[in-house]
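Here is a short briefing to read beside the structure. Keep the model in view as you go through the points.

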Amino acid sequence: MTERKPPGVSFESWVDKQIRDASERGDFKDLPGFGKPLPDDTAPYDELWWVKGKMHREGVSVLPPTLALRKEAEDAREAAGRAATESQVRRILAEVNEKIEAAIRRPPAGPPLGLGPFDIDAAVREWRAGRLG
């Protein structure tokens with residue numbers, strides 16, 4: 001913890017001394033971004049820059065529910081193609097089919113879903129063909 005500013009010393013010079021002392025001790029060397037260029041400052045100001053940065057670092061995205069479900073269905077199709085067993089293919093597609101059917105019964109807000117449940121038997125046939133060929 002830093003000491004209190006002594007009387008008679010200007011605030012700016014006292015702060016400058018604190019920064020210089022910390023720099024000499026190496027307190028800034030382990031900070032993220034040390035030694036890297038500053039980000040581009042020509043971009044227009046965005047009040048939510050820190051929220052967007054945090055979301056990017058955390059891997060969070062905010063999509064309308066229908067678009068998120070489309071993405072989940074696409075990922076499920078890819079995962080089913082990489083599955084090791086037929087039962088895994090069926091489980092992966094059954095899970096996403098439940099969500100798709102729920103969204104069809106009660107459409108969420110946002111753009112139209114434009115997606116129907118997977119034909120699990122057809123997907124299993126494709127999976128088998130991919131294994132044999």
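The count of salt bridges in this predicted model comes to 10.

**Salt bridges**

- Lys17 pairs with Asp21, and their closest N and O atoms are 2.7 Å apart.
- These two residues sit four residues apart in helix α1, so about one helical turn separates them.
- Lys17 is partly exposed, because its relative accessibility of 38% lies between the 20% and 50% cut-offs.
- Asp21 is also partly exposed, at 23%.
- Arg25 and Asp27 meet through their side chains in another salt bridge, at 2.8 Å from N to O.
- Arg25 has a relative accessible area of 57% and counts as exposed, whereas Asp27, at 41%, is partly exposed.
- Asp46 forms a salt bridge with Lys52, with 2.6 Å between the closest N and O atoms.
- Asp46 is partly exposed, at 28% relative accessibility.

**A nonpolar patch on the surface**

- Four residues make up this patch: Ile19, Phe28, Leu31 and Phe34.
- Together they have about 380 Å² of accessible area.
- Leu31 lies in the loop between α1 (11-25) and α2 (49-58).
- The relative accessible area of Leu31 is 46%, so this residue is partly exposed.

**The largest nonpolar core**

- In soluble globular proteins, nonpolar side chains tend to be buried together.
- Here the largest nonpolar core holds 16 residues.
- Those with the most contacts inside it are Leu69, Val89, Leu93, Val96, Ile100 and Phe118.
- Helices α3 (65-82), α4 (86-105) and α5 (120-132) each give two or more residues to this core.
- The most come from α4, which gives six residues.
- Leaving aside residues up to four places away in sequence, Ile100 touches Leu69, Ala73, Leu113, Leu115, Gly116, Pro117 and Phe118.

**Asn97, a buried polar residue**

- Is Asn97 buried or exposed? Asn97 is buried, because its relative accessibility of 6% is under the 20% cut-off.
- Asn97 is placed in helix α4.
- The side chain of Asn97 reaches the backbone nitrogen of Phe118 at 2.6 Å.
- Beyond four places away in sequence, Asn97 touches Pro117, Phe118 and Ile120.

Terms used
Residues numbered from 1 in each chain as written. Predicted model: local features only at pLDDT ≥ 70, side-chain atom pairs only at ≥ 80, totals over all residues. Heavy atoms only, no water. Core = buried A, V, L, I, M, F, W, Y, C linked by side-chain atoms within 4.5 Å. Buried < 20%, exposed > 50% of the residue type's maximum accessible area, 1.4 Å probe, protein only. Contact = heavy atoms within 4.5 Å. Polar contact = N/O pair within 3.5 Å; in protein donor to acceptor, adjacent residues only side chain to side chain. Patch = residues over 30% accessible without salt bridge, like charges linked within 9 Å, V, L, I, M, F, W, Y side chains within 5 Å. Areas by Shrake-Rupley, 256 points an atom, 1.4 Å probe, with all protein chains shown as cover.
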